[in-house]
Amino acid sequence: MGQKAHKHISSRSVNRLQKFFRSLELTQTRCVHCLRPFSPSENACGPGGLSAPLCPDCTALFVPYAGSRCPRCGLPLALPTARDTVCPNCLRQAPPWDSIGYFSLYDGVWRDVLLRLKYAGELSLAPLLGACLQEAAHCLPRPDALVPVPRHPLHLRKRGFNQAHELAKYLHILCGVPLRPELLCRPCPHTPQAGLSAAERRRNISNAFQTTRDAQGLRLWIIDDVMTTGATLTAAALTLRKAGAQKICALFVARTPHF
Ligand SMILES: [Zn+2]
Ligand SMILES: [Zn+2]
């Protein structure tokens, strides 16, 4: 019946329908940042050369951090001469991961979109941020699996999603590395990290994670949205390290400029 009806649609009707859809601007897409409609042909290239759903105006705002940083924890370094110098914190105690990657500092438009993803549930931003993770990881050794940082159970109950998992999903689509969220779980109800000092965060998060499957011998990228003090990523990395992970990389979209 449906096929018969299709045969009776003339090419003139098809042309008329196409014209109608064009008049509705259905060929346009909406910028995920400013929400303005724009034609995809206007913007083939997003931040860091990424193909991204951003209008040309917003593309100019989403630039990666290109300054000096500590190679162990990613902390931005004030002096240009200090490029790739290990910071005092890491000289005192090195982080438990082998390498680190992030796209930008946590300020300006980056803070805006990451807050919108996390607190307003704007999951339409996840493909853009997943693409940023891919760009941030371009010089890291390819892993066996992606492990998103599990969220606090209260957070999951309230928001219904884990932003780290959403980003890892898109990174998996882009790079094809298996997504293994079951390697890390967070069974204990702890106080959420937001609003705590650095020392309080470290105390609060230690022993928060468990491995549910053996990570023995695996090379892993731990995925998160933002690194603030690094306490959450440190606890997650230590748990996977104890479970026998061979190589661990901390990968996230943005880093706060200070501890
Ligand atoms: Zn825009
Ligand atoms: Zn450092």
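Tutor: Phe-62 is buried, and Trp-110 is buried too. The model is a predicted one.

Student: How many aromatic pairs does a search of the whole structure find?
Tutor: The search covers the whole structure, and the number of aromatic pairs it finds is 4.

Student: What kind of aromatic pair do Phe-62 and Trp-110 form?
Tutor: The ring centres of Phe-62 and Trp-110 are 5.0 Å apart, with 75 degrees between the planes. An angle over 60 degrees counts as edge-to-face. The pair of Phe-62 and Trp-110 is therefore edge-to-face.

Student: How many residues apart in sequence are the parts that this pair of Phe-62 and Trp-110 ties together?
Tutor: Phe-62 lies in the loop between helix H3 (56-59) and helix H4 (88-92). Trp-110 belongs to helix H5 (residues 108-119), so the pair ties together parts whose separation in sequence is 48 residues.

Student: How many residues apart are Tyr-65 and Tyr-102?
Tutor: Tyr-65 is in the loop between H3 and H4, while Tyr-102 is in strand S3. The pair links distant parts of the chain, and the separation is 37 residues.

Student: Why does Tyr-65 count as buried?
Tutor: Buried means under 20% relative accessible area. Tyr-65 is buried because its relative accessible area is 18%.

Student: Is Tyr-102 buried or exposed?
Tutor: The relative accessibility of Tyr-102 is 4%. With the cut-off for buried at under 20%, Tyr-102 counts as buried.

Student: Which residue has its charged end over the ring of Tyr-102?
Tutor: The charged end in question sits 4.4 Å from the centre of the Tyr-102 ring. It belongs to Arg-69.

Student: How many of the residues of strand S3 are buried?
Tutor: Strand S3 spans residues 99-105 and is mostly covered. The number of buried residues is 7 of 7.

Student: Which residues are the protein donors of the zinc ion (ligand 1)?
Tutor: The donors are SG atoms lying 2.3 Å from the zinc ion (ligand 1). In sequence the donor residues are spaced C-x2-C-x20-C-x2-C. They are Cys-31, Cys-34, Cys-55 and Cys-58.

Student: Why is the arrangement around the zinc ion (ligand 1) tetrahedral?
Tutor: Four donors count as tetrahedral if all angles lie between 85 and 135 degrees. The arrangement qualifies because the 4 donor atoms subtend angles of 106 to 115 degrees.

Student: Is Cys-34 buried or partly exposed?
Tutor: Cys-31 has 0% relative accessibility and counts as buried. Cys-34 has a relative accessible area of 38%, so Cys-34 is partly exposed.

Student: Which residues coordinate the zinc ion (ligand 2)?
Tutor: The site of the zinc ion (ligand 2) is tetrahedral, with angles of 104 to 114 degrees among its 4 donor atoms. The donor residues follow the spacing C-x2-C-x13-C-x2-C. Coordinating through SG at 2.3 Å are Cys-70, Cys-73, Cys-87 and Cys-90.

Student: How many salt bridges does a search of the whole structure find?
Tutor: The search takes in the whole structure, and the number of salt bridges is 7.

Student: How many residues apart in sequence are the parts tied together by Arg-219 and Asp-144?
Tutor: Arg-219 forms a salt bridge with Asp-144, with the closest N and O atoms 2.8 Å apart. Arg-219 lies in strand S5 (residues 219-227) and Asp-144 in the loop between helix H6 (126-136) and strand S4 (145-148), so the parts tied together are separated in sequence by 75 residues.

Student: Is Asp-224 buried or exposed?
Tutor: Asp-224 forms a salt bridge with Arg-151, the closest N and O atoms being 3.2 Å apart. Arg-151 has 11% relative accessibility and counts as buried. At 2% relative accessibility, Asp-224 counts as buried.

Note on methods. Residues numbered from 1 in each chain as written. Chains lettered and ligands numbered in written order. Predicted model: local features only at pLDDT ≥ 70, side-chain atom pairs only at ≥ 80, totals over all residues. Heavy atoms only, no water. Buried < 20%, exposed > 50% of the residue type's maximum accessible area, 1.4 Å probe, protein only. Helix = DSSP H or I, 4+ residues; strand = E, 2+ residues; numbered from the N terminus. Donors = N, O, S within 2.8 Å, 3.2 Å for Na, K, Ca; no water. Tetrahedral: all angles 85-135°; square planar, octahedral: opposite > 155°, others 65-115°. Phe/Tyr/Trp six-rings, centres within 6.5 Å; stacked < 30°, edge-to-face > 60°. Lys NZ or Arg CZ within 6 Å of the ring centre and 35° of its normal. Salt bridge = Lys/Arg side-chain N within 4 Å of Asp/Glu carboxyl O.
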